[in-house]
Structures are given as structure tokens and as C-alpha cells.
Number of protein chains: 2
Amino acid sequence: MTQKHFTLLTTSGTARAGELHTSHGKVPTPVFLPVGSQATVKTLTPDDIKTLGFDMLLCNTYHLYLRPGIDVIKKMGGLHEFMAWDGAILTDSGGYQVFSLSPLCKITDEGAKFRSHIDGSEHFLTPELAVEYQEALGADIIMVLDECTAYSDKKEKVRRAMERTHRWAERCLKAHKSNKQALYAIVQGGMFPDLRQISAEYLTGLDFPGYAIGGLSVGEPKEITLPLVEQTAALLPEGKPRYLMGVGAPEDLIEGVARGIDIFDCALPTRVARNGALFTRKGRINIRRAAYSKLDKPIDPSCDCYTCRTFSAAYVSHLFRSEELLGLRLATVHNLRFIGNLMKDIRSSILDGFFKAFKEDFLTNYKTTNEQIRVEQKGKWLKGRGKEGT
Amino acid sequence: MTQKHFTLLTTSGTARAGELHTSHGKVPTPVFLPVGSQATVKTLTPDDIKTLGFDMLLCNTYHLYLRPGIDVIKKMGGLHEFMAWDGAILTDSGGYQVFSLSPLCKITDEGAKFRSHIDGSEHFLTPELAVEYQEALGADIIMVLDECTAYSDKKEKVRRAMERTHRWAERCLKAHKSNKQALYAIVQGGMFPDLRQISAEYLTGLDFPGYAIGGLSVGEPKEITLPLVEQTAALLPEGKPRYLMGVGAPEDLIEGVARGIDIFDCALPTRVARNGALFTRKGRINIRRAAYSKLDKPIDPSCDCYTCRTFSAAYVSHLFRSEELLGLRLATVHNLRFIGNLMKDIRSSILDGFFKAFKEDFLTNYKTTNEQIRVEQKGKWLKGRGKEGT
């Protein structure tokens, strides 16, 4: 990076407000990135995403490598051009998907051999190729290839994966040619505080412009996640952005910011939207419920999204009960606007020095004992709904 | 109707240009109505439909009666309010769906007993109820209850259904109270020119503000459809609008206008869009085909729709191959814009007196031997894709 990548503007306790500087504009932090795995945030156009107030989104290298292929996107002028998005993009390395989606995955020091979840074809991903693919896609922030471990993995396995992740991080750094992209390292170490410390210290010894915390939110209880986030974030350099991967529930975003995180991504807000679970300041509601089917008021009267400004809860409920595609779109618009507004409010409260009060107020109102959401898994599109974040 | 409902502006041969006057604005004719069966044109918001240039759309009383229920919509302030559409709406009577979708349908002179295709519950629809429901929905144009026959039905059956349709039309006329809505009659008579003549003459003897031609496009070859349209349209009063139900392929629209039709509706443009079949001036293309998957040009370079102005064919192809929901939306936008532009061009050519030349030119370029479209029928949403027009 020739240009300065991140400016820390102020802190409120351990919460931070800053700015990312990318080739596609400035991105205020803390920021949540909507997930557009296959070069599309499901149901939305790039104009919609701009209108919703987002400056950056995440795409998955694994998905785009398999379909339409890195070469196709490169030939189209890169990912921004291909999907007509002129804001910033972060791509992941594909590592997480290789481990979680591939029906077969064999890892050696050289790299990861895997099979496509689409057609079973065999592929090989190395740290060098992960960087090459991401440079070809042309994202503004790219990620090193890392080896992910599961919640239940034993310490020795986690340690070996962490050490490989470190070696791979160095190889990625070496392979990284473009100076238009910021390459982030990923701290691993599973659920083990001592490994997390080793990983954070090792990687911050290398000069990356940003650091991610990976391998969390993989099924472990939140009582474990939050202290690990707190501990790891505290070990990262103050002047560089910190990215907590795969976290996006409203209550987790605010807890993450409280622990010094600047960047989040997660498929949760858009995925649960397509299941009819909508965020309000009082918690998640299930729009399919009978109570909403005759409600002549917006989903959330205080919400300024297109859905709430235009339609009653009864109409949105009708769309879900009738399995109408517009329902998926209106719910996605609502949930993303909710998250976008939440991040803006969080940022203001940090800049104005009352983040702690804002957080307490939000969490008091936001009930995490949410209405039960019936998850439909019948159809083909529906099955596809779960894929984006994994 | 207290207000004048239709103005015939000019003709070019038998083709007509006019204007419908509704409580929700003026609608230039000839006009195509996008189908929004369940109070939504699949994937699109009302703003999208406005942006696409449409002034009127069609909703299905049968679907809305079953879900969310007429009472719910009435309580929400009517259908316009419920779906946030301030343009004009035409509702059908529900007759066609009762015959085609209900797993059981028993018709007597009194009305039609049928079962819901959703939960099997039993219902009874009479001409009076069809009018009452449509008045409660508050559409601008409403339809009489008619008895539809199939392509293969014998003449005696068709004659009996036609005669019942006539009796029902009189009952609808009697039951119709609101003067904000125009109630149209429906000419039946199947594939039999003499019955069509009887039906047209009988119904034009009653004073309806508009006349529809029903019972066509039900599986018969086009060589049969077009002469019947021509014959029937010629029997209808010049000063009243003529509505050909269930017709919407580009080549059929232009042939229908040539035979004096003013209004069309059909689920075809939106349904085939969701199968990846896109209209161009040269005919339908299948966007899934390999040829488009690397094409760095719009679907149709001469098209001014959002999809073509924003994305390459390769991107839209990628969305379909990846089963992404945005693909359904972008394809719907494209096909509706194509049809909307076609109707505008047709109208201009009538107003300027060169419709015949325009028609010949269009049909010479538009290949009806279209690329083969692979119809997916696997998922639940996909199954839902076929329902809207039936």
C-alpha cells in the first residue's frame, strides 16, 4: 500500500471510529459489509445497496472462482465492473468455503486440494493462487489464505493449523504484487487464548495493513466468543483496522465494536431476512406470524427503509405467506437498512463520546429471545439461500 | 360509469389508438398489463413498475380472495393502498382460476363451487360475489364472472357455457353498484365462429363500458386464434375498449393490435423471464446459453432498460447459472421494458399512420423460432413461477 489505508479518528472506551481509504472511496468505520458471495447481494441491485447507504461489500473468491471463473471476471474488467458496483469490495481468500463447502478437502503445506460443491471437479488452492485470484478480481481489500478449524477441534490440531496459517500469511505477503489492494492477515488459534496470543503476536510482527480475527462464530457459545474477541483485538496494532469475520447479528455487532472491532461481515442479516426474520429495535420478529398478517402499520414505524416507508407489515406478511419473491427483496432491504443505521448510530455515539450509554440502551431494548423463525428448506432457491455466507 | 371510460383517438387500418380514463389516471391504448396475481408483479416494487412505464396492471381476484382474503385488503383501504400502487388496476373475476387451478370445480347456474388449491377448503363463487369482491378490492376495471371452456370441448358444452356466461353477465351488471369501476363483459364461444358471433351480439346488446374476448390462448394453434380474434373484435362496438385476455407474446401483441384489440394481459413476459428467456428485437434468447456467459455486451444493445444499461449479458447469464434471485428480477425488468416499449412504438405508429409498415418490419426481424428454453421445475419458488397467470 502506497497510500495510507486507515485513519483512527477517535475512541470511546475501547470502541473506535475511523476511516478506511480505498481505491473505491472512503469507508467510515465501524462498518458492516453486506455479503454478495456470487457477485450479488441476493435480490438487490448495486443501486439498491448504494441507496441503503453501504460503501463496501464482501464477495467470495471461492464462489467466483468456480462460477463464472476468475478469467471471465478479469476479462470483463474486474469484479467492480462485472457487478456494476463502484464502491469498495473486500474478497475473502476462499479458505473458509474450501473447508466448509467442499465435499472433499485435503490440506498440505503446499495448499488445499478440494472438490467443487457444484460439479465435484477437483481444484488446488495455494496461498499464492489465492492472492493471484483476488488481484485478478480487483477487490480493494483482500485476505490471506488461512486454515480454519472447527469449534470441537483439539488443541494440537488447532496449533498446527495456526502455524500453517502463519506460513501461508508470509507466502501471501510475498506473492502480493498490486499496490491498489490492502492484504489483511487472519489471526487464528481457535478457542485457545494462548494460541490466539501467539497468532496475534506472530502476525503483527509482519507488516500487514489490516488484521482479521478468523475461526470464531463457528458454533461456539457466545460466552466463549466475546472474551476471545476482546483479548485478540487488544493485541492488534492500534493504527490498523481490525476485522471480525462472519459476525453480523445486531447484538454481536455492538458487542464487537465495544471490543475494538472496525469491520464486520456476515450473511446473517440477509439470510434471516429471506426466512422472514426482520430486525426491529425490540428484537427480531417473524413476519409470517398471524399477528402481522392484518397489521396496517410498517414493520418498524421508526424505520426509514423503503419497505417500511411504503408497505404495511400485513403486505410484507402476505408476500411471505404467498411465497412471493418480492417478499425476499423487501425483507432484505429492511434488514440491511436496520444494520446500516445501527452502524451509523454506533459510529456517531463513538464520535460524540457516549458509545457505552448507546450500547446499554440498545441492548436493553433489543430482545435476543426472538420470535421463533420457521426456516423453510424445501425449494431450490431456498436451499441456495443458505449458501452465501459459507 | 358516470365519466367517459374510453376515447378512441385514431385508427390505422383496423389498429386503434385510444385512451382509457380511470379513477387512477389515464391509460394510453393499446396497452399491455403486467400480471400481479397476488398483489405483486413478481420480483418488482410498484416504483419499478412505474419506472418501467406502465400505468395499469392486472391482479387476480381468485388468488387475493384465498390469500390474504378480500376482507384484509378492504380493511387496508383497498388493493391500491395494500400494494402501494397508485396507477390503474384491472382485476379478473376469478372464473378462469377456479376452472384451471381448483382441484375440484362444480358449476351450476347459481355459481361455481371449488376447492382452494392451497388448502383444499371449499368455496362458492357467484356472479354477484365476483362483483362484490372486485368492488371491495377497488380495481378500476373489473370483469364479469364467466364460464371458460377448453380447446378440446365439444360444441354443445361450449354453447351451454356461453349461454351461462351471458346469464351471469346480466347478473353481474345488476349487482354492480360502484360508479368508480368499469365492468367489462367477456365474449365466449370457444373455437366456434358462429358461437363467437352469438356471444358478441348478445353481450353488446347489454350496455357494458368494455368488452373482453375470453377463452382463447387455451392451447389452440395460433392459426385458429387469430381469425377468431379478428372476427370477434369486428363485432364489438367501435367506441368501447376491447380486451384480449391472456395474450402477451410480442408477436401476438402486434397481431392482436392489427385486429383491433386495445388491452392485453399475460403472465408470459414475466414468467419466461424467470426461466431466462429474454426478448430482443431478433427474438427470444436463452440467457443461460454458453454464448452469453462471456459476452461483455448488454442483452440487447438497443434496449434502454436498467438491466441493459447497467450489466453485461455475461453478468445476467452468471446470475441465472448461479440461481441468483437478482437474475429473476433483472430479467423481469428487461422483458417488461421490452413489451412496454413495443406497445409505445405500436401506438406511435398508429398515431402516425404507419402501423402496417411497423408491424411488417417488426415481424420480419423477430424470429419466433426462438432459442430453446430449458424450463426448470425443481424448487418451490420455481413451481410458484408458473402460477401467476392461471
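Modeller: The centres of domain 1 of chain A and domain 2 of chain A, taken over C-alpha atoms, are separated by 26 Å. This is a predicted model, where local features need pLDDT of at least 70, side-chain atom pairs count only at pLDDT 80 or more, and totals for chains, interfaces and linings use all residues. Residues are numbered from 1 along each chain as its sequence is written, while chains are lettered from A and ligands numbered from 1 in the order in which they are written.

Biologist: Where are the domains in chain A?

Modeller: Domain 1 is 6-267 and domain 2 is 272-383, with bounds from an automatic or database domain assignment. Their contact takes 25 residues from domain 1 of chain A and 24 residues from domain 2 of chain A; contact means C-beta atoms, placed from the backbone, within 7 Å.

Biologist: Which element gives the largest share on the domain 1 side in chain A?

Modeller: That's α10(A), with six residues of the side that touches domain 2 of chain A. Helices (H or I, at least four residues) and strands (E, at least two) are DSSP runs, numbered from the N terminus.

Biologist: Switching to chain B, what is the strand order in the open sheet?

Modeller: The three strands run β1-β2-β3 (chain B), with antiparallel pairing; strands pair if DSSP finds at least two bridges between them. At the edges are β1 (6-12) and β3 (25-29) of chain B, each pairing on one side only.

Biologist: How many bridges join β1(B) and β2(B)?

Modeller: Six, in the antiparallel sense. Phe6(B), for one, has Leu20(B) in β2(B) as its bridge partner.

Biologist: And what packs on that sheet?

Modeller: α15(B) does, touching β1, β2 and β3 of chain B, and its direction makes about 115° with that of β2(B). Axes are lines fitted to C-alpha atoms, for helices over the stretch in contact, and angles run from 0 to 180 degrees between N-to-C directions.

Biologist: OK, how many residues of chain B are in contact with chain A?

Modeller: 39 residues of chain B, against 39 residues of chain A. On the chain B side, α14(B) gives the largest share, five residues.

Notes
Contact = placed C-beta atoms within 7 Å.
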